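Thanks for coming. I'll take one model this morning and go through its strands, its charged pairs and its aromatic rings.

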Amino acid sequence: MRSIWNGAISFGLVSIPIKLVNATESHSVSFRQIHTEDSGRIRYRKVCELEDREVSQAEIGKAYEDADGTIIPISDEDLSHLPIPTARTIEIVAFVPADRIDPLQMDAAYYLAASGAPAAKPYTLLREALKRSNKVAIAKYALRGRERLGMLRVVGDAIAMHGLLWPDEVRAPEGVAPDGDVTVRDKELDLADALMDTLGEVDLEDLHDEYREALEEVIAAKAAGETPPEAPEPAEGGKVLDLMSALENSVRAARRSRGERPAAEETEGADVRPLTRRRSTPKETGGKKSTATTSKKAPAKKTADAKKSTARTTRGAKKTTPSRKSAGSTGSASGAAARSTSKSTARSASSAKGTEKKTPAKKTSSRKRSA
């Protein structure tokens, strides 16, 4: 890695010679501007307005334009003599806990490499001091024409520096939060917690830029004269009616993606059981069905007992039925007649026989008409 800045870390009276190296790199695919008619390159040329000619990079310098349009040239020598102690020095001004740094202030990241053998001992001393204190160092430094704020921390066996924005460069979040009072129910929070637990953690090494990979496939296909791959059609999701439905569906989808079976209870310890509530109505219906069945079977048992009693008291009394269907329809009527006949039999056996012959016939015919 090539250094982009040489200087020293000022740690009290200790000076540590270092080199500044970029800690990050961009893997994004860059494009060139072309003329669409003939694919000719479109270039930006640096032209002097006074001489109306293109100039080289060696002829280009810096200048400040005043409010009235006056141009004030500023040379590199002028910048090197700035009256600040951070011109070539990363000056540590404080040590603070890492959680004191707002992530909104984070900017570019650099590695600080020890420059030469003399820097090894003080470099190691600062690194171990940062490790043992569990703190980060706040420093000032000058880079690319301006003084900047930085944070030094330990990464592995190296010291890294994050450029920080000045506090007045971070905007206050005014007008960003939703207007009005919004109430979030405990059940919604329980489902949100369940979704967070289901998604779990992720190894950042497994994350990659899918857009860049798809873009490289398109470029490779075009270079080979093939048809670029088409984007898959997005899955049509159901219309989400409310936040609870969205959370429940998200938990189920996350569990399916992890190969887990959706459970009846979406959260452990959460008082939300949507599947159980949906089954509550069928359970009540089933209970009614069971009661109805029992009530239907009870008369049938009594009728069978009555038939047995009738058979004992009316032996020899037979009736011709036109079909099995008619006999089946008159079964209940005969049972009712049998109960009344068994009562009358206790009073008079002879009169009971006559009554038994007439009564079933009348009630049977009545039952036929009603059927």
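Which residue in β11 is the bridge partner of Tyr 111? The bridge partner is Ala 160.

Before going on, the conditions. This is a predicted model, with residues numbered from 1 along each chain as its sequence is written. Local features need pLDDT of at least 70, side-chain atom pairs count only at pLDDT 80 or more, totals for chains, interfaces and linings use all residues, and side-chain values use heavy atoms, with hydrogens and water left out.

The overall figures come next. The protein chain has 9 helices and 11 strands; helices (H or I, at least four residues) and strands (E, at least two) are DSSP runs, numbered from the N terminus. Of its 371 residues, 21% count as buried. Buried here means under 20% relative accessible area, exposed means over 50%, and partly exposed is in between, with a 1.4 Å probe and protein chains only. Take the contacts in the protein chain with a separation of 6 or more: residues 24 or more positions apart account for 60% of them. A contact means heavy atoms within 4.5 Å.

Back to strand β11, residues 158-164. 6 of its 7 residues are buried, so the strand is largely enclosed by the rest of the structure. On pairing, the rule is that DSSP finds at least two bridges between two strands. Strand β8, residues 106-114, pairs with β11 in the antiparallel sense over 5 bridges. Strand β10, residues 146-155, also runs antiparallel to β11, and 7 bridges join them. Val 155 stands opposite Ala 158 in β11. The hairpin of β10 and β11 has 2 residues between the strands, and in that hairpin Gly 156 takes a positive phi near 65°.

Is His 162 buried or exposed? At 13% relative accessibility, it counts as buried. Its side chain makes a polar contact with the side chain of Arg 153, at 2.8 Å. A polar contact is a pair of N or O atoms within 3.5 Å; within protein, one must be able to donate a hydrogen and the other to accept it, and residues adjacent in sequence count only if both atoms are side-chain atoms. Leaving aside neighbours within four places in sequence, His 162 is in contact with residues including Met 106, Ala 108, Leu 149 and Arg 153.

Now the charged side chains. Side chains of opposite charge can pair when their charged atoms come close. How many salt bridges does a search of the whole structure find? The search finds 9, a salt bridge being a side-chain nitrogen of Lys or Arg within 4 Å of a carboxyl oxygen of Asp or Glu.

One of them joins Asp 76 and Lys 62, at 3.3 Å from N to O. Asp 76 lies in helix α1 (residues 76-80) and Lys 62 in strand β5 (residues 62-65), so this pair ties together parts that are 14 residues apart in sequence. Asp 76 counts as exposed, at 55% relative accessibility.

Another joins Glu 128 and Arg 127, with the closest N and O atoms 3.1 Å apart. Glu 128 is partly exposed at 35%, whereas Arg 127 is buried at 14%.

Arg 185 and Glu 188 form a salt bridge too, with a closest N to O distance of 3.4 Å. Arg 185 is partly exposed at 46%, and Glu 188 is buried at 13%. Elsewhere, salt bridges that share partners join Glu 51, Arg 53 and Glu 59 into one network.

Then there is Arg 148, in strand β10. Arg 148 is buried yet has no salt bridge, and the nearest side chain of opposite charge, Asp 107, is 4.9 Å away. For charge, Lys and Arg count as positive and Asp and Glu as negative; His and the chain ends are not counted. A polar atom of the Arg 148 side chain does lie 2.9 Å from the backbone oxygen of Leu 143. Beyond its neighbours within four places in sequence, Arg 148 is in contact with Ala 139, Lys 140, Tyr 141, Leu 143 and Trp 166.

Last, the aromatic rings. The structure holds 1 aromatic pair. Rings of Phe, Tyr and Trp (its six-membered ring) pair if their centres lie within 6.5 Å; planes under 30 degrees apart count as stacked, over 60 as edge-to-face and the rest as tilted. The rings of Phe 11 and Phe 95 have centres 5.8 Å apart and planes at 70°, so the pair is edge-to-face. Phe 11 is in strand β1 (residues 3-11) and Phe 95 in strand β7 (residues 89-97), 84 residues apart. Phe 11 is partly exposed at 23%, and Phe 95 is partly exposed at 35%.
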